[in-house]
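Q: Hi! Could you walk me through this one while I look at it?
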Amino acid sequence: MILSSVRATGLGAIFLGSVLMFGCLAFTIPASSQQPLQTLLVGVDRRTVTSLDGDWHYLVDQSPGQALYNANGEINDKSYAMNTHPNIVGKHNSEYDFAPAPTLKVPGDWNTQIPQLFNYEGVLWYERDFDAQPKPGTRTFLHVGAANYRSHVWVNQKRVCDHEGGYTPFDCEVTAVLHPGSNFVVIAVDATRLIDGIPSVGIDWFNYGGLTRDVSLVTVPAAFIDDYDVHLAHGATWQAGNTEISGYVHVLDAPAGTSVTVDIPEAGARTTVMTGADGNAPFSVKASKLTLWSPESPKLYKVTLASGDDTLIDDIGFRDIRVDGTRILLNGKAVFLQGANMHAEAPVRGGRANTDEDVATIFSYLKDLNANFVRLAHYPHDERMERAADRDGIMVWSEIPNWQRISFDKPEVYAKDVAMLREMIRRDRNKASVILWSVSNETGNYPVRTKFLTGLVDEARKLDSTRLITSALNSAHMEGTAATLNDPFADVLDVVGVNEYIGWYSGVPEDADKMQWTLPQKPIIMSEFGAEAKQGNHGATNQRWTEEQQTYVLQHQFVMLNKIPQLRGVTPWILMDFRSPGRNIPKLQDGYNRKGLISEDGKKKQSFELIQGLYKSHSVGKPE
């Protein structure tokens with residue numbers, strides 16, 4: 001995604017007018033003439049905010065975005081964004097009016113709230129009035145947790161930011177445009193799929209449109225903490241008894257020499273450091289006592305960051321994750337990842353998962369499954385998910401939506417990808433539960449793609465050298481009883497994900513028993529496998545779409561998986577049935593991918609009990 005008006009803000013910042021390199025190509029992200037700062041504030045959910053969640057007026061734009069775009073395809077700042085009203089006498093107002101318009105709940109997708117908009121993929125305009133009392137010496141940002149897919153934001157008729165990308169947050173400075181008393185915000189959200197978008201036009205999940213996550217106003221001092229990284233020091237090798245905590249705190253617009261204090265009372269760690277000319281304050285401090293985070297003991301510490309008038313308190317766990325040969329080591333101990341995939345689909349009620357109740361239900365499923373791991377497919381989820389994973393001791397694979405067919409030959413798409421990767425890492429780098437950054441899923445094996453994704457891997461390591469990098473590959477060649485993964489992209493990954501559907505999309509379930517895999521000598525996660533079943537549909541094990549056959553396919557999968565010596569994790573596809581419009585078999589699919597262990601309305605299938613038992617007895621795979 002591209003940020004239209006961004007200044008460098010600490011490590012991993014997105015740069016205004018910066019030059020990115022892609023292979024032998026160099027290209028510039030142009031500086032915008034807009035003045036308001038657009039950034040991503042870290043730890044927004046740990047600040048006191050003014051929520052703008054609730055009812056927003058909405059108007060549907062005439063396709064293809066007649067009010068949003070002018071004849072040249074440029075953003076029209078003089079239409080609905082002006083929020084005028086039709087006059088009986090006087091100037092014509094382009095024939096719209098938010099005041100009597102119906103309302104939508106924010107956060108929420110429009111598809112599941114308005115039946116007539118269920119399949120709508122276009123432009124929808126949101127408007128909300130709010131009161132503000134700006135205070136001298138402060139700055140205010142409009143925070144949007146996510147909006148799918150392109151967003152354009154006006155406050156009091158002034159455009160304050162633009163954003164591309166449906167699954168990461170952004171923050172628009174509104175300090176200069178607010179005034180005491182009544183104000184209004186207009187947001188145009190365009191859910192049109194783009195051939196050069198991320199993801200592209202072909203996706204196997206529902207394209208929920210709208211303001212799908214929380215919206216709020218965040219007020220901070222004139223110089224404030226906008227970014228920080230607080231983690232267990234990560235050396236070249238694991239050191240037992242390591243209690244060194246390191247990282248940085250970035251104070252935006254602070255002069256060099258500004259004092260920053262990092263205080264972790266329960267760990268007996270406190271230090272004061274000074275910012276450099278770039279506003280960044282690196283630090284390192286020894287804790288006198290430290291319990292490391294793990295699934296068995298998901299310990300979180302209150303970490304207080306303070307600089308000038310700004311104080312922020314976060315809950316952070318400290319742990320070490322690395323690979324050693326074919327092993328994954330958590331705090332120096334080999335670990336096996338037993339989990340499931342999960343889309344950001346709300347259980348029972350449907351639509352985008354974006355509430356505490358949604359997240360609590362999802363994690364209750366994972367705990368009941370005896371999982372210690374979840375792959376958040378195929379894009380960054382609501383931040384509540386990582387917070388819950390931190391608290392509950394569930395390790396996380398987080399991914400950007402490079403799903404299958406992406407325009408890998410276009411530098412402008414690479415620029416979007418880099419920005420999206422930076423946003424994902426910047427938001428969640430302080431979550432101990434996140435152990436894997438993934439840069440893609442099921443992309444073809446050809447040189448342009450490999451160069452593109454290798455660049456993203458390099459970028460991810462620059463942004464965060466403490467975590468493992470992975471991708472899910474479906475490029476294995478199968479012939480007879482032999483399966484070989486010969487994909488050069490695997491060479492640059494720390495952990496290799498493999499997707500395969502033997503017994504469903506290829507062959508019969510028994511074929512898995514005889515399959516012999518040739519895989520890189522790296523930790524392997526079987527990141528997708530499974531079969532579809534309509535909950536409550538029963539029959540013989542050779543009858544497709546039945547719970548019995550789904551279980552039968554998985555049983556044979558586990559026979560195969562236990563023969564792979566470097567297997568270090570499994571995530572069957574998928575924890576819960578989810579909407580996917582291409583699934584068009586009436587009465588069996590009804591617009592849902594039915595590979596879930598649980599139905600969309602929360603009913604467990606036979607396959608859930610199978611995996612629950614295997615995970616409880618640790619009968620799948622070995623940590624070393």
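Q: How many of the residues in the protein chain count as buried?
A: Of its 624 residues, 63% count as buried. Keep in mind that this is a predicted model.

Q: Okay, and how compact is the protein chain?
A: There are seven helices and 36 strands in the chain. Its radius of gyration is 25 Å, close to the 25 Å that the globule rule gives for 624 residues, so the chain is as compact as a globular protein of that length. Along the principal axes, the C-alpha atoms fill a box of roughly 75 × 60 × 45 Å.

Q: What about the accessible surface?
A: That comes to about 23,000 Å², and 52% of it belongs to carbon and sulfur atoms.

Q: Switching to strands: what order do β21, β22 and β23 take in their sheet?
A: The order is β21-β22-β23, in an open sheet with antiparallel pairing. β21 (321–324) and β23 (333–334) are the edge strands, each pairing on one side only.

Q: And how many bridges join β22 to β23?
A: Two, with β22 covering residues 327–330. Leu-330 has Lys-333 in β23 as its bridge partner.

Q: New topic: where does Thr-466 lie?
A: In the loop between α4 (447–463) and β28 (468–473).

Q: Why does Thr-466 count as buried?
A: Because its relative accessibility is 10%, and buried means under 20%.

Q: Which residues does Thr-466 touch, then?
A: Its side chain makes a polar contact of 2.7 Å with that of Asp-464. Leaving aside neighbours within four places in sequence, Thr-466 is in contact with His-231, His-234 and Ile-321.

Note on methods
Residues are numbered from 1 along each chain as its sequence is written. This is a predicted model: local features need pLDDT of at least 70, side-chain atom pairs count only at pLDDT 80 or more; totals for chains, interfaces and linings use all residues. Side-chain values use heavy atoms; hydrogens and water are left out. Two strands pair if DSSP finds at least two bridges between them. Helices (H or I, at least four residues) and strands (E, at least two) are DSSP runs, numbered from the N terminus. Buried means under 20% relative accessible area, exposed over 50%, partly exposed in between (1.4 Å probe, protein chains only). A polar contact is a pair of N or O atoms within 3.5 Å; within protein, one must be able to donate a hydrogen and the other to accept it, and residues adjacent in sequence count only if both atoms are side-chain atoms. Contact means heavy atoms within 4.5 Å. The radius of gyration is taken over C-alpha atoms; the globule rule is 2.2 Å times the number of residues to the power 0.38. Accessible areas come from the Shrake-Rupley method with a 1.4 Å probe; for residues, only the protein chains shown count as cover.
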